[in-house]
Structure formats: structure tokens, C-alpha cells
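This briefing sets out selected features of a single protein chain. Please keep the model in view while reading the points below.

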Amino acid sequence: MTYLLRSGRFLCYDPGNLDTVVQQRKTEAALPPSNVMTLFDSPYLAKAVFFKEAYSDDGDELSVGTRVMFVFNENNALEGGASVTAQPDDLEDALAKWYGGKVKIDLSIHDRNVLEVFCKTPTFDPFLLLAQRREIERDRPVDPTSFSIDAGTAEDVRAIVNARATALVNLAMGDDVEEKRIRATVHALEEAIWRCEANQRTGRLFQSLGVPPDKTDRILFAWKGIAYYEYLFRNFATDYAEFLIWLRGPQSVPKDMGSLESRRAYRLQSMRRTGQTVMRGYYTHATEILKKHADAYDALLGAGNPEPFQKFLLAAPRLFETLGLSIGSFGHASNAWKTLTNHGRRPNRNAEALEAFYRFISTLAASKLN
């Protein structure tokens, strides 16, 4: 449970702030203000912990599943609890069994909407969830803070946003503008990106960057999301590199390959090559998008050519989703690899274990947002 609560919104979602309760030992800390539209209607779901899990199906197939843990003690979530898949029908049956007794517990239509989004997104990162906000809010609105970033991550992502804003404002305003005005404009641009909406100081700047007024908020949302994924990618870069090295090396070949019948050996070799292609593709998608981002900035700041950056901003909503899916899928595969190989330090696994792992990679390749 400690691992789940500390693994971050990428793999764990804690709508009731149980981690805060554990630290402060105050149940009231988990209760939202009465005027806030909570994410869930059911009080059971509001006090649960959702997590992504790579699991094996009947001992062979690996998949990414979404599960819910209902803690035994809200004042000490570290005691753990019972968990079940987050698929609405299965979850409803479990709730009726655990809490309903002879009284049937029905999930609201809204809660089902949220659960369906949770189950189809590869991670719980706030930007992928916010991109599905229309699906989540089909029946009622929710408070935007339901998808906020934790304080430490927000500080690091905001530093990336601030660096971008500072460079843009310095270029736009020139050297003859007083420092106080520059700082105010940098702050306004940073706030516009962070809040995903233009403000009085930034409207003209966005127009100069070729951002249509009716698309500004969506583009700012994607721009902020790309900064978030840039932060994630930097943090995971070492793991990604080590995983790819292992995948291309002899350690990813089954230790019992020589004793396999030729047909199975050929199938495993084919699955391994497919896995290499899929993971290299996710990594390449992420690095290319982030490089396109950096190159567009360099062209604007270094050469004074705004066209690449304008094109990047207009394409940002599409690039952001591709980036999120690539990093999310690669992250799941990397986590499964670390479990399978103890971060690459365990000797070669046998054919059975590696065949399940390569099937898992293929499952990730096939999963996309609807």
C-alpha cells in the first residue's frame, strides 16, 4: 500500500487523499468542501485507491488492468484492503457483496462514466484524464482539481513552463523594456499556460504566434501537457535506455531457446523482434515530439523564425495525446520488465516467462484511447 500511494498519479489515483490522511491522521483532511463537485457520487469510490497493474491472465497472458482498493481503515490506509477490477459491472457486484448485504448497491451513471475512462486510459496522469473530460462529464460536471498534479511534480513542471515563457517574452519585448514589465508579462504567460486560458496580457502574444482565439484554451492545455510529459520523460530516461539495451541484447533471449521445438523458437524470435519494434516506436515517437518542440523553440529564439513554433502549437493537441500514450505504454512495459528481470540484473528467463512478457508488449501496442 505504501508503494501504491507513493507511486504518483502516473500509476495510482487517490481521490480521497488517503495519503494525506495517513500523514496527518485527520479524517477531515480527506473531505472536500461541501460546494465542490466531487469526482464520484459513491462515497465508497471517493475513499478508494485506484491503481494500474500489469497482471497475468490464467498464468500466461499479461495485460494492464485498472483495479480499486477499498481500505480497511481510512485513518491508516497503510493497513491495506480488498481490491477488485474497476470494470463497472464487476465493481458493482463487489460493492454489493462487501457493503450492501441484502441491499443492492447500484453505481450511478456518472460513476460508470468515470470508471470507463479510468479503465481505457493507460495511466492516471491528469492530462490524459482531462483530455477525456467530455466523457467523464457526460452527466454532471466535476471539480477540475480532481485532476491536479501533486505539489512536487507541479513545481518541476512549472519550472519548465516558466523557462519557455521567459524566453518567449524576452524575444517578444526586446531589451529596451523595463524589467518590471517583463516580469509581469512572463508571469501572465506562465499563468495562461498553467491555467490553460488566455488572459489580458497574453492575448496579443498568442495572436502573434498564430494561435486562433477559438482554439487558444485547447492549445494551451496541450502545451502544458507536453511540458508535463517532458518532465516525465526526463525522469524515466535512464530506465527507458536500460530497457531498450536489454531488449536488443542477449539477455532478452530465453535461456532454454536451444531446447525448444523449431516452431516455438521461431515464434519467440518473431515476438521478440515485434517487441523491439513496438518499444523502439514508442520511444522514437516520444523523442521526436520532444525534439520537434525544442527545435521549434530554437528556430524562434535563435533564428527569429516563428513558423516552426506556430506549426508546433497548432499541432500540439494531437502531439500531446501521442506523447502521453507513448510514454504511458513505454512506462508500463518498462515496469513489467523491471519486475521480470530485477531491473535487468536477473539472469536470462525461460521461454514461458519471456513469451508472456512479449505478449504483454503486443497488448500495449494494440491498446489506444477510443
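Over the ring of which residue does the charged end of Arg164 sit? The ring is that of Tyr297, and the charged end of Arg164 lies 4.8 Å from its centre. The model is a predicted one. Its protein chain contains 14 helices and four strands, and 47% of its 370 residues count as buried. Among contacts between residues at least 6 apart in sequence, 66% join residues at least 24 apart.

**Charges over rings and the cavity**

- Besides the placement of Arg164 over Tyr297, the charged end of Lys224 sits over the ring of Trp194, 4.2 Å from the ring centre.
- Rolling a probe the size of a water molecule over the atoms shows where empty space is left.
- One cavity of 30 Å³ or more is found in a search of the whole structure, and the volume of the largest cavity is about 30 Å³.
- The lining of the largest cavity is formed by Val161, Arg164, Ile193, Trp223 and Ala227. Helix H8 (151-173) and H11 are the elements that give two or more residues to this lining.

- The structure holds 25 aromatic pairs.
- An α-helix has 3.6 residues a turn, so residues three or four places apart point the same way.
- Phe236 is partly exposed at 22% relative accessibility, whereas Tyr240 is buried at 2%.
- Ring pairs join a cluster that includes Phe233, Phe236, Tyr240, Phe243 and Trp246, together with Tyr283, Phe330, Trp337, Phe357 and Tyr358.

**Trp246**

- Trp246 is placed in helix H11 (residues 216-248) and counts as buried because its relative accessibility is 7%, under the 20% cut-off.
- Leaving aside residues up to four places away in sequence, Trp246 touches Gln251, Ser252, Trp337, Leu340, Thr341, Gly344, Leu354, Phe357 and Tyr358.
- Thr341 is 95 residues from Trp246 in sequence, yet their C-alpha atoms are 9.7 Å apart in space.

**Helix spans**

- Helix H5 (residues 109-120) has twelve residues, which at 1.5 Å a residue should span 16 Å; the end C-alpha atoms are 17 Å apart, in agreement.
- Buried residues in H5 include His110, Asp111, Asn113, Val114, Leu115, Val117 and Phe118.
- Helix H12 (residues 262-302) has 41 residues and reaches 57 Å from its first C-alpha to its last, close to the expected 60 Å.

**Positive phi values**

- Most residues other than glycine have a negative phi, and most peptide bonds are trans.
- Gly304, which follows H12, has a positive phi near 70°.
- Cys196 has a positive phi near 60°, lies in the loop between helix H9 (179-195) and helix H10 (203-208), and is buried, with a relative accessible area of 14%.
- His343 likewise has a positive phi near 60°. His343 lies in the loop between helix H13 (307-341) and helix H14 (351-366) and is partly exposed at 36%.

Notes. Residues numbered from 1 in each chain as written. Predicted model: local features only at pLDDT ≥ 70, side-chain atom pairs only at ≥ 80, totals over all residues. Heavy atoms only, no water. Buried < 20%, exposed > 50% of the residue type's maximum accessible area, 1.4 Å probe, protein only. Contact = heavy atoms within 4.5 Å. Phe/Tyr/Trp six-rings, centres within 6.5 Å; stacked < 30°, edge-to-face > 60°. Lys NZ or Arg CZ within 6 Å of the ring centre and 35° of its normal. Expected span 1.5 Å × (residues − 1). 1 Å grid on protein atoms, 1.4 Å probe; cavity = no way out; pocket = protein on both sides within 12 Å on 5 of 7 lines; lining within 4 Å. Points joined across faces, edges and corners; volume = space filled by probe spheres on them.
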